[in-house]
Amino acid sequence: MSQEIRHRITQLSEEIRDHQFKYYVLDKPTITDGEFDSLLKELQKLEAKHPEFKLPDSPTEQVGGGFATHFQQHDHIEKMMSLDNVFDNDELNSWFDRIAKAEVKNTWLCEVKVDGLAINLLYEKGKLVRALTRGNGTTGEDVTLNIKTIASIPHELKGKSIPDVLEVRGEVFFPIAAFNEFNDQQEELGKERFANPRNAAAGSLRQKDPRVTASRPLSMVVHGIGAKGDTKFDSQSGAYELLKGWGLPTSSRFKVVHSRKEVEDFIAYYGEHRHDVEHEIDGIVIKVNELAIQEELGFTSRAPKWAIAFKYPPEEVTTKLLDIKVSVGRTGRVTPFAFMEPVKVAGSTVTNATLHNASEVIRKGILIGDIVLIRKAGDVIPEVLGALVDRRDGSEKAFVMPTQCPDCGAKLRAMSEGDVDIRCPNTQSCPAQLKERIYYIGSRAALDIDVLGYEAASALLEDKLITDESDLFSLTEKDLEDSRFFMKLVSVDGPLDQNGKKTKKVKVLQIGENGKKLISALDLAKNRPLWRIIVALSIRHVGPIAAKALAKSFGSIDSISKASEETLGATEGVGPIIASSIVEWFGVDWHLQIIKKWAKSGVVMEEIAQESSDPQTLAGLTLVVTGSLTDFTRDGVGEVIEAHGGKSGSSVSKKTDYVVVGDSPGSKLAKAEELGVRVLNESEFKLLLAKGPAALG
């Protein structure tokens, strides 16, 4: 029995260290965070019962990332600790009970746990001299030059009472919106996608050329202090205020609470709103707020006793890959997707997950029949991260990309040299492409047409009410009579008999709510802003940003169609790749028929002058919005800014005039404060909209 226990401890130690290497060094984990935590917990329990078998270099006594890479190694002045984890309220209450003897004055600091890369910044006499990864907690990798490319990290601290030597701990992260955009760009260029924002942050910091790091929108949140000289703090929250005053990027997502119930409420809130945050979080950190009590409680060999991480259920799980199928998108791109055994992840049961393209399937080494690791964050489409090769039994088989379109039979091919995607060239009449384009026209990203969802798009095509999108705006209620989706059965009085009496009621088809709403919504959509019309055309590479630039610079579809590739490419927000795609699109006859038929049906094909009801109070101003506003949606506030003559920016720079801050603002607030950009609350923003800058004083 003792030999079995010794063997299991050795086996677990080796397995955990192997997974740590894959996570910290290769940035390619093969198991979920939850599965890793289970292994570590099992080892901790075995070592507690059988300390005689504990290995000298046990991973339970070390912080995870202690592996040599190509970067120079340096020691931290003070050891950089990790955190112990709990996974439910019972475990959390056990932690509370363990530290109750320290007479904590019922003040706790709760903060979101950023899922990023741990970094230690060393300032000497206020100047940043070194930045190290956590490494093994004692020694880390030098990433100073790369860290200095991150805009939110000051190279020199400002303010008073700055210690001669100061170590600041925090997390470097890749904002989610920027990560999704970056991955899409990687895919378009035929480059490898990152599995998640944490890996993207780690990979970006481990670039040999700092210029590569500088090209990526990394940010940082500081949450702790190592060496601090003679500087004293009364509380954790007080330390954050001082760090913020020195110009360091602290989080606004923390709260000092006074009871266990308030701690649980904070955990529950971010459990529901974790995807409203601009960076990924995997839990909540609870700290004793009073520094004197922190010192009294002290540390274990790897973690502070006065802090704990409450981990949310993992958003990465494993399941069996039953098959790999393909779908055809609105621009003809053929995308393989995984069909899997149903598995619950991030609060929903999923059976399908994206695999992006055939090259990704090969790169990730995924076989049909594999046990795969999948990830789903909020409303994002689930993604297959990789296969668990060790769990193969020999029955797995390779995926073969089809050579013909599964919907129309056309021969699939790359549409241009260097294109990583295989596409169906039958863009005009491929049923799958048609359906996806019609659906996209009705989406919020394009014309936001009520009722025109996937079912309605399918019904319009399958019932032959339209042949393609060119017929969409000429539809009438009478046209919809041949579709049961848009009609409804109602009972009406039957004809009178020979004696003039009513006969039994009969069932007849009448236009239903779906039909009435669709016709009404199509009529309203004819007057949408020009940029939305451009987006609705499904020109490859042309999204909202490029469409707005085109609408502003050219003013009409006709002008865009006549512009040269050079003129289009020179337009800010467009560029040569998009310009080439636009010229190619307008060179196709049936595309021009869409424009012609839409215009004939009353779709406005030019920029509509602003109504006098929208005073141009923001003319010449650039505003950036961060956080959730009460009276404006995330999409709507940008349109309001533009309707009042302003520019809605996505990032804060010296050219930004105002930053509008709502609830739970992100790193843009810290950037605004760093650059001295004026910050407005929602009330001040409304005043600015109504009366212009002069009203703000």
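Two strands count as paired if DSSP finds at least two bridges between them, and in this predicted model strand E15 (residues 371-375) and strand E16 meet that description, pairing in the antiparallel sense over four bridges. The structure holds 25 salt bridges, and one cavity of 30 Å³ or more is counted.

**Strands E15 and E16**

- Strands of a sheet pair through backbone hydrogen bonds, either parallel or antiparallel.
- Within the antiparallel pairing of E15 and E16, Leu 373 stands opposite Gly 386, a residue of E16.
- Strand E16 spans residues 383-387 and is mostly covered, with five of its five residues buried.

**Salt bridges around Glu 383**

- The side chain of Glu 383 meets that of Lys 364 in a salt bridge, with an N to O distance of 3.6 Å; this pair links distant parts of the chain, since Glu 383 belongs to strand E16 and Lys 364 to helix H11 (residues 358-364), 19 residues apart.
- Both partners are covered: Glu 383 is buried, with a relative accessible area of 10%, and Lys 364 likewise counts as buried, at 15% relative accessibility.
- Because the limit for a buried residue is under 20% relative accessible area, the value of 15% places Lys 364 in the buried class.

**Salt bridges in and between other helices**

- Glu 462 forms a salt bridge with Lys 435, and the closest N and O atoms of the two are 3.8 Å apart; the pair links distant parts of the chain, with Glu 462 in helix H13 (residues 454-462) and Lys 435 in helix H12 (residues 431-442), 27 residues apart.
- Glu 462 counts as exposed, at 55% relative accessibility, whereas Glu 383 is buried.
- A further salt bridge joins Asp 558 to Lys 562, where the closest N and O atoms are 3.1 Å apart.
- Asp 558 and Lys 562 are four residues apart in helix H17 (residues 557-562), and they are therefore separated by about one helical turn.
- In this pair, Asp 558 is partly exposed, with a relative accessible area of 43%, while Lys 562 counts as exposed at 65% relative accessibility.

**A parallel four-stranded sheet**

- Four strands form an open sheet in the order E21-E20-E22-E23, and the pairing in this sheet is parallel.
- Strand E21 (647-649) and strand E23 (678-680) stand at the edges with a single partner strand each, so one side of each is left without a neighbour in the sheet.
- On average, and with direction ignored, neighbouring strands of this sheet are turned by 35° against each other.
- Strand E20 (residues 622-626) pairs with E21 in the parallel sense over three bridges, and Thr 622 has Lys 647 in E21 as its bridge partner.

**The largest cavity**

- Rolling a probe the size of a water molecule over the atoms shows where empty space is left.
- The largest cavity holds about 50 Å³ of space.
- Its lining consists of Asp 75, His 76, Ile 77, Asn 120, Leu 122, Arg 130, Leu 132 and Glu 167, which by class gives three nonpolar, two polar and three charged residues.
- Strand E4 (117-124) and strand E5 (127-133) each supply at least two residues of this lining.

**Residues with positive phi**

- Most residues other than glycine have a negative phi, and most peptide bonds are trans.
- Lys 464 has a positive phi, near 60°, although this residue is not glycine; Lys 464 lies in the loop between H13 and strand E18 (487-492).
- Ser 538 also has a positive phi, near 55°, in a residue other than glycine; the place of Ser 538 is in the loop between helix H15 (530-536) and helix H16 (544-554).

How values were computed:
Residues are numbered from 1 along each chain as its sequence is written. This is a predicted model: local features need pLDDT of at least 70, side-chain atom pairs count only at pLDDT 80 or more; totals for chains, interfaces and linings use all residues. Side-chain values use heavy atoms; hydrogens and water are left out. Buried means under 20% relative accessible area, exposed over 50%, partly exposed in between (1.4 Å probe, protein chains only). A salt bridge is a side-chain nitrogen of Lys or Arg within 4 Å of a carboxyl oxygen of Asp or Glu. On a 1 Å grid over the protein atoms alone, a cavity is a set of points where a 1.4 Å probe fits but cannot get out, and a pocket is an open set with protein on both sides within 12 Å along at least five of seven lines; lining residues have an atom within 4 Å of a point. Grid points are joined across faces, edges and corners, and a volume is the space filled by probe spheres set on the points. Ala, Val, Leu, Ile, Met, Phe, Trp, Tyr, Cys and Pro count as nonpolar, Asp, Glu, Lys and Arg as charged, and the others, Gly among them, as polar. Axes are lines fitted to C-alpha atoms, for helices over the stretch in contact, and angles run from 0 to 180 degrees between N-to-C directions.
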